[in-house]
Amino acid sequence: MLEYNHNGKIKKEIIDQYEPDSGGGFYTPATIQSVFTYPIQKKNHIFVIVSWDIDFVASVGKGGSDYKIYSYTKDQNGNLKQDENLMNDPQLSGFDGSYTESNNEDHDKDIDITESFNLNNAEKLKKYLEQTYNFAIIQGPFETTLYSKGKIYFQAQESGYQTPVNFILEYNQDGQNKKVIIDQYKPNHVAAEIASVFTYSIHQKPYIFTIVKWSARPDTSNGRYGYFYKVYGYTKNQNDNLKLDQKINNDPKLKGFIGANQYEVKEEITFKYETAGKLKKYLNQKY
């Protein structure tokens with residue numbers, strides 16, 4: 001319900017209705033877990049986290065809670081309405097609990113599966129909203145054949161140099177659009193910059209490589225000016241998730257500095273792979 005004053009009169013409106021959910025013939029009412037306001041791209045929104053309990057016995061081996069996050073903002077007429085873009089985000093609904101995947105031929109081979117819904121409170125949801133909707137795309141999107149209808153891009157807050165850069169993967173899974181934060185490049189006095197992004201195969205296994213750099217200033221980097229560099233390499237793990245390759249991540253030659261030191265009045269170069277061409281040549285020789 002929304003109540004407000006309009007021309008000296010109190011108005012009351014039904015904004016939405018959360019119906020009870022049925023499982024195994026038993027109806028459970030909606031539970032309001034959290035309500036809060038939060039700006040999305042500088043426009044105020046009201047968020048409601050709603051859950052429905054699922055009875056393990058009534059639902060034949062499924063127990064936990066279904067979650068759905070509702071978001072509302074004013075439309076062009078000043079009315080409070082659902083934000084369709086946010087309502088269609090597949091990450092803003094899910095199941096938290098466990099269920100049994102039955103093997104009809106041999107129930108000894110039934111599999112117990114546990115799922116978690118990670119946006120079940122205001123703090124976690126605000127962090128997701130900030131990283132997903134209040135960040136602007138600064139590079140990309142680029143298509144990737146690692147996933148169906150896959151694309152990668154990089155996001156950062158438009159406002160400041162002391163904010164992280166997010167590496168985002170979007171792809172299609174079973175007809176649904178998925179969005180995952182693969183990595184986050186944190187600031188080092190200044191924001192990270194994406195110097196290069198490319199795909200490359202090692203032993204016929206495809207990787208995505210990013211060359212990330214941070215500007216160095218004498219006052220914050222012990223007299224250095226130039227750029228600090230770090231190479232990141234990502235590939236699919238056994239669960240089909242895109243993850244950082246730790247061997248490449250720990251390679252000491254894949255990070256360093258290019259610039260000079262004003263105190264010692266000399267060039268300082270400890271990194272040699274600041275371009276995709278140079279890095280590919282090193283990867284081919286080393287890996």
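Mentor: Helices (H or I, at least four residues) and strands (E, at least two) are DSSP runs, numbered from the N terminus. The model is predicted, so local features need pLDDT of at least 70 and side-chain atom pairs count only at pLDDT 80 or more, while totals for chains, interfaces and linings use all residues. Residues are numbered from 1 along each chain as its sequence is written, and side-chain values use heavy atoms, without hydrogens or water.

On that basis the protein contains four helices and 20 strands, and one of those strands, β11, which runs over residues 135–144, holds Pro 141. The peptide bond that links Gly 140 to Pro 141 is cis, with an omega of about 5 degrees. Most peptide bonds are trans, and most residues other than glycine have a negative phi.

Asn 7 counts as exposed because its relative accessibility is 69%, where exposed means over 50% relative accessible area, buried under 20%, and partly exposed in between (1.4 Å probe, protein chains only). Gln 41 likewise is a residue other than glycine with a positive phi, near 50 degrees, and the loop that carries Gln 41 lies between β5 (31–40) and β6 (43–54). With a relative accessible area of 60%, Gln 41 is exposed.

Tyr 72 belongs to strand β7, residues 62–74, and because its relative accessibility is 4%, Tyr 72 counts as buried. If neighbours within four places in sequence are left aside, the residues in contact with Tyr 72 (heavy atoms within 4.5 Å) include Ile 15, Asp 16 and Tyr 18, together with Asn 44, His 45, Ile 46 and Val 48, and also Leu 80, Lys 81, Gln 82 and Asp 83. Glu 170, by comparison, lies 98 residues from Tyr 72 in sequence and 25 Å from Tyr 72 in space, C-alpha to C-alpha.

For the protein overall, 39% of the 287 residues are buried, and of the contacts between residues at least 6 apart in sequence, 43% join residues at least 24 apart. Taken along the principal axes, the C-alpha atoms fill a box of roughly 75 × 70 × 30 Å.
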